[in-house]
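The sequence and structure are shown first, and the points follow by topic.

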Amino acid sequence: MDILFEDNHIIAVNKKCGDIVQGDKSGDEPLSEKVKAYIKEKYNKPGDVFLGVPHRIDRPVSGVIVFAKTSKALTRLSLMFQQKDKEISKIYWAIVQNCPRLEEETLTHYLLKNEEKNKTNVFDKLKHGAKEATLEYKLLTRSQKYFMLEVKLHTGRHHQIRAQLAKIGIPIRGDLKYGAPRSKTGGGIGLHAREISFIHPVKQEPIRIVAPVPKNDNLWKDLANQL
C-alpha cells in the first residue's frame with residue numbers, strides 16, 4: 001500500500017486503478033478495509049478500527065484518496081467535500097487520445113446521472129434534473145499519440161471529468177463507457193487524482209498531498225517525466 005500522508009487524524013493513500021474505495025455489490029475487498037487492516041497491524045489496535053470515508057474516486061481511476069482516522073476529522077472533511085469549500089481543491093491528470101480544441105479552457109455543462117446505466121449524460125443547456133458542472137483544463141504535454149491534461153474541478157459531479165471531456169471530443173484513454181476506442185492495457189482509465197489541498201480538519205494547517213503516477217504504466221511515466 002502506498003501511504004502518501006498520515007497523522008493521528010487522517011491518512012491518504014495512492015489508490016490503484018481497479019480498487020474500490022468502499023464495498024459494493026461486486027464483493028471485492030475495498031480499499032477502506034485494507035487501510036483498516038494496515039492501521040490495526042501498525043498500531044497493534046485491539047477490536048475494530050475506525051475509518052471514515054469523506055470522499056471517493058471512481059474504481060477505474062488512480063490517485064490520492066483521503067480517509068479520516070477520527071470522527072472529528074470525518075465530520076469536518078465530509079463538510080468540506082460536500083460544500084466544495086474554498087479550503088479544499090483537487091487536481092487531476094488525464095490522458096486523452098485526441099488533441100484538445102484549446103490549450104486551456106473552462107467547460108460548463110449540465111449533467112444528468114443515469115442510475116440504471118451508471119453513466120452521466122451531458123447537455124449544453126439546462127435540462128430538468130440536471131446539475132451544472134464546471135471544470136478547467138490545460139494541456140501539459142504530449143507524446144506521438146496522446147495528450148496529457150491538468151484538470152481542476154469547480155464542482156464535484158458523478159463522472160464529471162470523464163463525461164465533460166468526452167462531450168468535447170476528447171474521451172479519456174481506455175474509458176469505453178465514454179467513447180474511448182479501445183481499453184487500456186492493464187485495465188483502468190487514463191485519469192489520475194494527482195493532488196489534493198485542504199486545511200487540516202483538526203490542526204487547521206494547510207495540507208498538500210501529491211500522488212505519483214501509476215508505476216506499472218509506461219505512458220504515464222513517460223509523460224510525467226517530460227514535465
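**Largest pocket**

By class, twelve nonpolar, ten polar and twelve charged residues make up the lining of the largest pocket. The model is predicted, and local features are taken only where pLDDT is at least 70, whereas totals for linings use all residues.

**Second largest pocket**

- The volume of the second largest pocket is about 400 Å³.
- Of the 21 residues that line the second largest pocket, Lys16, Cys17, Pro214, Lys215 and Asn216 lie nearest its centre.
- Both β2 (10-15) and α4 supply at least two residues of the lining of the second largest pocket; α4 gives the most, with three residues.
- The lining of the second largest pocket divides by class into seven nonpolar, seven polar and seven charged residues.

**Enclosed cavity**

- The count of cavities of 30 Å³ or more comes to one.
- The largest cavity has a volume of about 50 Å³.
- Residues lining the largest cavity are His55, Ile57, Val64, Lys90, Ile91, Tyr92, Ala193, Glu195 and Ile196.
- Strands β4 and β9 each provide at least two residues of the lining of the largest cavity.
- By class, the lining of the largest cavity has six nonpolar, one polar and two charged residues.

**Helix α4**

- Helix α4 spans residues 218-225, and its buried residues are Leu219, Trp220 and Leu223.
- Seen down the axis of α4, these buried residues fall within an arc of 100°, so they line one face of the helix.
- An α-helix has 3.6 residues a turn, so residues three or four places apart point the same way.
- Asn218 and Asn225, on the other side of α4, are exposed.
- The cover over the buried residues of α4 includes β4 (88-96), β7 (131-142), β8 (147-153) and β9 (191-199).
- Among these covering strands, β4 and β9 also each supply at least two residues of the lining of the largest cavity.

- Asp217 is located in the loop between β10 (206-210) and α4.
- Asp217 has a relative accessibility of 6% and therefore counts as buried, the cut-off being under 20%.
- At the start of α4, a side-chain oxygen of Asp217 comes to within 3.0 Å of the backbone nitrogen of Leu219.
- A polar atom of the Asp217 side chain lies 3.1 Å from the backbone nitrogen of Trp220.
- The side chains of Asp217 and Arg173 are joined by a polar contact of 3.1 Å.
- Residues up to four places away in sequence aside, Asp217 touches Arg173 and Lys184.

Methods. Residues numbered from 1 in each chain as written. Predicted model: local features only at pLDDT ≥ 70, side-chain atom pairs only at ≥ 80, totals over all residues. Heavy atoms only, no water. Buried < 20%, exposed > 50% of the residue type's maximum accessible area, 1.4 Å probe, protein only. Helix = DSSP H or I, 4+ residues; strand = E, 2+ residues; numbered from the N terminus. Arc of directions from axis to C-beta. Contact = heavy atoms within 4.5 Å. Polar contact = N/O pair within 3.5 Å; in protein donor to acceptor, adjacent residues only side chain to side chain. Nonpolar A, V, L, I, M, F, W, Y, C, P; charged D, E, K, R; others polar. 1 Å grid on protein atoms, 1.4 Å probe; cavity = no way out; pocket = protein on both sides within 12 Å on 5 of 7 lines; lining within 4 Å. Points joined across faces, edges and corners; volume = space filled by probe spheres on them.
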